[in-house]
Amino acid sequence: MTTQSNPSAWQPGVTGGGTLPSGPGGRTAAPSGDGHGPPAGPPTVTIGAFADYPTAQRVVDHLADNRFPVERAAIVGTDLTLVETVLGRMTTARAALVGAGTGAWIGLFIGLLFGIFTVGNWVAVILAGLVIGALWGAVFGAVAHAMTGGQRDFTSASSLRANRYAVTVEADVADQARQLLARLNLGGRAPRTAG
């Protein structure tokens, strides 16, 4: 049995020619470029690499002060590291306290909404919302912590840190950026430049 191929039908892996099958939003257009995502934008050049973010920020600020089109520049952090800083031990009492604080804010908001439409003592309505919210928040905070079964009994804050910060600019304005960077005094720290 032989099947005829329809040259106008969509075929996976075949570029050009065919049309894509329709989706819920109707007919779609073929992806532009190589089909591997959105275009990457204009080519960029690294004009300097720095050990800390404030220095890279100072370079871009210097470019901006000298009327360089900074919308064509970027600070790129490389060699990223996730750092989780432990802030303290989490106990059921502390979880209840944190929950009470969150609940108090929610209760205050609800109390304010009801207080707007109250004819009588609106301050009492706001305070009641605050207290009820704090109590419910404390209960939920304590129960949620107790349900973890002793796992992760600490609080922490996560942040991403980079070992190097590169300042990149679009290739057609790289010479202008390098000239401006040559005038910047970085306190004896010369930027490492790439080709």
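A search of the whole structure finds 2 aromatic pairs (ring centres of Phe, Tyr or Trp, its six-membered ring, within 6.5 Å; planes under 30 degrees apart are stacked, over 60 edge-to-face, the rest tilted). This is a predicted model: local features need pLDDT of at least 70, side-chain atom pairs count only at pLDDT 80 or more, and totals for chains, interfaces and linings use all residues. Residues are numbered from 1 along each chain as its sequence is written, and side-chain values use heavy atoms, without hydrogens and water.

One of the pairs joins Tyr 53 and Tyr 165 edge-to-face, at 5.6 Å centre to centre and 70° between the planes. Tyr 53 lies in helix 1 and Tyr 165 in strand 3, so the pair ties together parts 112 residues apart in sequence (helices are DSSP runs of H or I, at least four residues; strands are E, at least two; both are numbered from the N terminus). Tyr 165 is buried at 16% relative accessible area. Tyr 53 is partly exposed at 39% (buried is under 20%, exposed over 50%, partly exposed in between, with a 1.4 Å probe and protein chains only).

Now to helix 4, residues 174-182. Ala 174, Ala 177, Leu 180 and Leu 181 are buried there. They cover an arc of only 125° around the axis, which puts them on the same side of helix 4 (the arc uses directions from the helix axis to the C-beta atoms). Asp 175, Gln 179 and Ala 182 are exposed on the other side. The cover over the buried residues includes strand 1 (44-50), helix 1 (53-65) and strand 3 (154-170).

Helix 2 (residues 92-116) holds Phe 114. Phe 114 counts as exposed, at 54% relative accessibility.

Definitions and conventions: Contact means heavy atoms within 4.5 Å.
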